[in-house]
Every structure is written in C-alpha cells, then in structure tokens.
Amino acid sequence: MNTKLSVTELAREIPIVSEVDVAVVGGGTAGVMAAVGASREGARTAVMERFGNVGGMINMGLMGHFGNRFFNSQGQFIMGGPPVELLRRVIASGATPYASLEEALAAGDCIFYRHEHAGRECLRLLEEARVEIWLHACFSRALPVNGGGYDLLFECKGGRQALRARQVVDCSGEADVACSLGAPMQDEKTRKYSWGLLFEMGWVDLERYQAFLAACPRSCPEWTPWLAKHLGMTVAEMTKDLYWGEWVDGKNRAWPFRPQIMKAVAAGDFDLVRQLPEGGMIRYGWDGFWPEPWHGADTVTANVCMVTGLDPHDVRHVSIAEAAARKYAFEFLQFCRKYLPGFEKAVIRTMGAQTVARGGREIVGEDRLQAEDRSRPAIREDAICLATRDMLGLPLGMFAPRGVPNLLVAGRCADQGYAVRASVQCMAAGYSCGILAALAAKKGLTPMRLDLAERRAALEKHGVLLQPRGPVRENFKIHQPDLPGIPRHDADDGFERAKKLS
Ligand SMILES: Cc1cc2nc3c(=O)[nH]c(=O)nc-3n(C[C@H](O)[C@H](O)[C@H](O)COP(=O)(O)OP(=O)(O)OC[C@H]3O[C@@H](n4cnc5c(N)ncnc54)[C@H](O)[C@@H]3O)c2cc1C
C-alpha cells in the first residue's frame, strides 16, 4: 500500500439477518459440500457467497475438469456421499460426454464437463438440503460472540449486515474468516503459488489445427538454446528450473508449435514472460489449451495465463494480476490467430470470473499431514476423509486453525491444503467439515473436542469413506501426480481424448 493514511470506522448497529447453527463462507466446491453436510447432520445452515452463483472454481472459474481422486492406487474407491452424487448429477444432466460416472471413471484420469451444469447441480444440492443461500454477500469480518460462535459481517446491496452462527466453516478459498480472527497463517506460502485465469476460445477450425499439429515435428533442437538465451539463463540453469525445466526439448510440456512461438516473439507479437509491477510476473502457462468438443465442435479451453510473485490478499496485487491476465488472454488469442492454422477467426467466448491463486494463504492447523502419513501401513484414526495416496487420511487438525475455536477451514487453504486442493478432494474435505461443524454445534463443543468415535460414526452415517472400499485391483493404473501436483495436459493427449469422445 502506498499511503499511510487511515480512517476510523464509526461504531454502528448492524442488523443480524439470520441466526444459524453452521455458517459456511464461500459457495465453491468445498463450501457447497460443507453446507450440505452440516444440513444433513441436522444443523440450521447458511452459505454466504460473494458472487451471484455457487460452484466457485468449478463453475465461475471455468476449471477444466474434475481430477480423478476417486481411487487409491490399488483401484479401491475412496470417495462417498455428495461429492459422488454431484458428479453423477452433472453427468446425468448431459454436461459430459459420458453416460454414467462408472463410464467416466473408466475413461481416464479426468472428467471434463460443462461448468454451468456443475453450478446448477450445486445449487440444487443446496436447495434440496434446505440451506439458506446468501448470494452477492461478501464476508468482511468475524466478531466472536460471548459464550461461543461468531457474528459474520458481510457487505451486500443493502449495506453491511450480519449473520450469527455457532460454528463456521471457512470455504472462501482464501481463509478470509480465519484471517479476520487472527488465526496464524503460513505466510511464507502466500506468494509461492501461481494464479490462473481460464478462458474458452470459439470459432476454431479444429480439423485444420489438428492437421497442422500432426505435421509438427515433436523435436525442435533449436528451441532449448533459443529459450535459454531469451530468458537470460544457461541451458543447465533452465533445465533445473522448476518451471522452465518443463519446456526443454523432449519434455512433455514442450509444445509442438515452438517454431511459431519463436517467430512471434522475434516479431514482437507475443511475450512468453513479462514482468509486472510489485514483483509480479506473467508467463505462458504450461497447461496450454485443449479441445472440448462437447462444449462445441469449435471450442478450446485455455489455461495459459500464469501469474506469480503477487500476494492474493493485497487489493493492488489482485488488480495487477487480474488486468495482466485478462490482457494476456487476448494477446494469446492474437498469437493463435496469426500463427496457428485453424485459429484465424477465433474469438474469446468466455473467461473465468476471477484470476485465482492455486495456493495462497494456508492456516497453521492444530495438526498437519506428516511426511510419514504418505507411507503409513494403516489410515490415521483421526482422518475425516481419504486422499488418493494409499493410506493417506486427512486429519481433522489440518482443517482447525490453531487457537481459534468453533471454526474449520476447508478447501485449498487448510494446513497443506495445496497438496489436496483438487476439486474432488476439496469437496470431500468440505463435506466432512460441514458434518463435524454441525455435530459440534449440537454438542456445544469446538470440533477438535468431539469424541473420536462419535466423529467417525457421524461421518460414516453420512456416507464418508474412512476406509477404501472394494477389492484391490491388480495392475490398476491411474494418473496420480505427486503431491502437490497439478493435472498435466499435453496437446496430443487432449486431441487423442477429443477424437475418442467426439
Ligand atoms: C487456475 C486453476 C486451475 C485449476 N484446475 C483444476 C483442474 O483442472 N482440476 C481440478 O481438480 N482442480 C483444479 N484446480 C483446483 C481446484 O479448482 C480448486 O482448488 C478447488 O476447486 C477449490 O475449491 P474451494 O471451494 O476451496 O475454492 P473455490 O472454488 O475458489 O471457492 C471459493 C468460493 O468462495 C467465494 N468467496 C471468496 N471470498 C469470499 C468472501 N469474502 N465472501 C463470500 N464469498 C467468498 C468465492 O467467490 C468462491 O465461490 C484449479 C485451480 C486453479 C486456481
């Protein structure tokens, strides 16, 4: 911030518009499931969302696909309850190329879908669970209430209002509630992760583009030295670099149209990387773009705007990132139009509502995942849901901010939330947190004080799997990136998939 000025806010009376057992802040993947879980456990529940729709990244964020986190590496099912229900409903609504969840899971590692349908099904789940839904309600501050619980202040069209809740589940994706209550954060992670803005391009002649790709040689020997020189690095430095190392010739993420990139950069038509104010940077994101024939025979989704080095909680940084990403998307479009056959008439059809940090704030939890959790012979007893890795159960303590009672933080800002931030995993954690928040409200306890056996019984009653289900399957293969990891796309992979499905 470049001003030392400040203003004193005058004390004022704020109407409490509703009083509930459990309030969920943020209506994304984690939030929808948390609200459904709390309500199914019998709590009067409200969800507060700053945008005009629910679903978060899986809807307004145009997230590409549900990463398949349904199985462990031995082919046993690890997910139950509404996360599975939601996926079934999205498929039944015709938003994917599949006839059933089983078919989708058998087809590959990711489930591509139409975003708006996911949003609609999230809304239906909330309505059916009789959750109070507050839209265009932006949480701003939490005030502890004497005797437990919180008043949550939020900004809406009618000005500032409040909601009183005995338990809160923070699913803002940015730990807004935890932060407002002074919960300790892992500050070193705040600027560590990249941000992305997804967008869809339409009017693409995919057949011509595919023909062009097929003719592109996989190897481009001049690329690696060119890129190193362009970045001001040695080839050895670049090869070791976490980001640019993936671009070295022969690596998966090195793209087939590299001669076109070199030409465009030399002509001043495209920047692979650009510095931004305040220490930020925007780069051509390695996820690239992939065709989505079920979104339209002429459509590709792009995940190419990658911002780093900025603080997702500083309004100036957020503004820089948003403006840069939106501008970059159009520059990329111009590059495609000029250099890639099939894109001559392409337009940007739709863009995500927000440029979103993949990580950002993470709380310091009452407990955390340990390295040995990844190779335990049995699942932790205090696990509230399972993760893809064998025997990896996520402990309640990683969702309970240290020293702040009656609050759970689900989604990607849990302690080590980045490691388990895939949408399906966020749903599972959100659901379990909602159930336990409701149980805690019923018992008048903070969730960490709930009896372990009672906790497990409540979770299992609502369909949460605390042990993998089904037989061990020999030679089961599923794409499982190392934690933390992001799903990988390769141009060829996308087109193979498209061919199979269209
Ligand atoms: C660019 C990008 C690409 C990704 N791609 C994939 C992918 O392909 N596959 C995959 O499985 N995962 C992917 N992920 C990860 C996954 O999408 C997210 O980690 C996951 O969906 C997060 O869920 P969430 O509920 O924690 O957060 P979100 O979905 O971000 O939901 C948070 C919600 O809270 C609301 N909110 C925030 N602040 C407030 C406030 N103050 N008041 C009220 N409401 C508020 C937001 O509007 C939003 O609706 C991607 C993530 C990013 C950023």
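The C-alpha centres of domain 1 and domain 2 lie 31 Å apart. This is a predicted model, where local features need pLDDT of at least 70 and side-chain atom pairs count only at pLDDT 80 or more, while totals for chains, interfaces and linings use all residues. Residues are numbered from 1 along each chain as its sequence is written.

The protein chain is split into domain 1 (16-186 + 362-461) and domain 2 (195-360 + 483-501), with bounds that come from an automatic or database domain assignment. Each of these domains gives at least three residues to the shell around the ligand.

So what sits around the ligand? There are 37 residues around it, and G26, G28, G56, G196 and G411 come nearest; a residue is near a molecule if its C-beta atom, placed from the backbone, lies within 6 Å of it. By class, the shell has 16 nonpolar, 14 polar and seven charged residues. Here Ala, Val, Leu, Ile, Met, Phe, Trp, Tyr, Cys and Pro count as nonpolar, Asp, Glu, Lys and Arg as charged, and the others, Gly among them, as polar. At least two shell residues come from each of α1 (29-40), β3 (65-67), β6, β9 (195-202) and α11 (423-443). Helices (H or I, at least four residues) and strands (E, at least two) are DSSP runs, numbered from the N terminus.

β6 also takes part in some strand pairing (at least two DSSP bridges between the strands). β6 (residues 138-144) runs antiparallel to β7 (residues 150-156), with six bridges joining them. Their hairpin has five residues between the strands, and G147 takes a positive phi near 90° there. On its other pairing, β7 is joined by seven bridges to β8 (residues 159-170), again antiparallel, and this hairpin has two residues between the strands.

Now for the helix pairs, with axes fitted as lines to C-alpha atoms over the stretch in contact and angles running from 0 to 180 degrees between N-to-C directions.

| Helix pair | Angle | Axis distance |
|---|---|---|
| α2 (82-92) and α4 (115-128) | about 130° | 9 Å |
| α11 and α12 (452-461) | about 125° | 10 Å |

That angle makes α11 oblique to α12, and α2 and α4 are therefore oblique to each other too. Angles under 35 degrees count as roughly parallel, over 145 as roughly antiparallel, 65 to 115 as roughly perpendicular and the rest as oblique.
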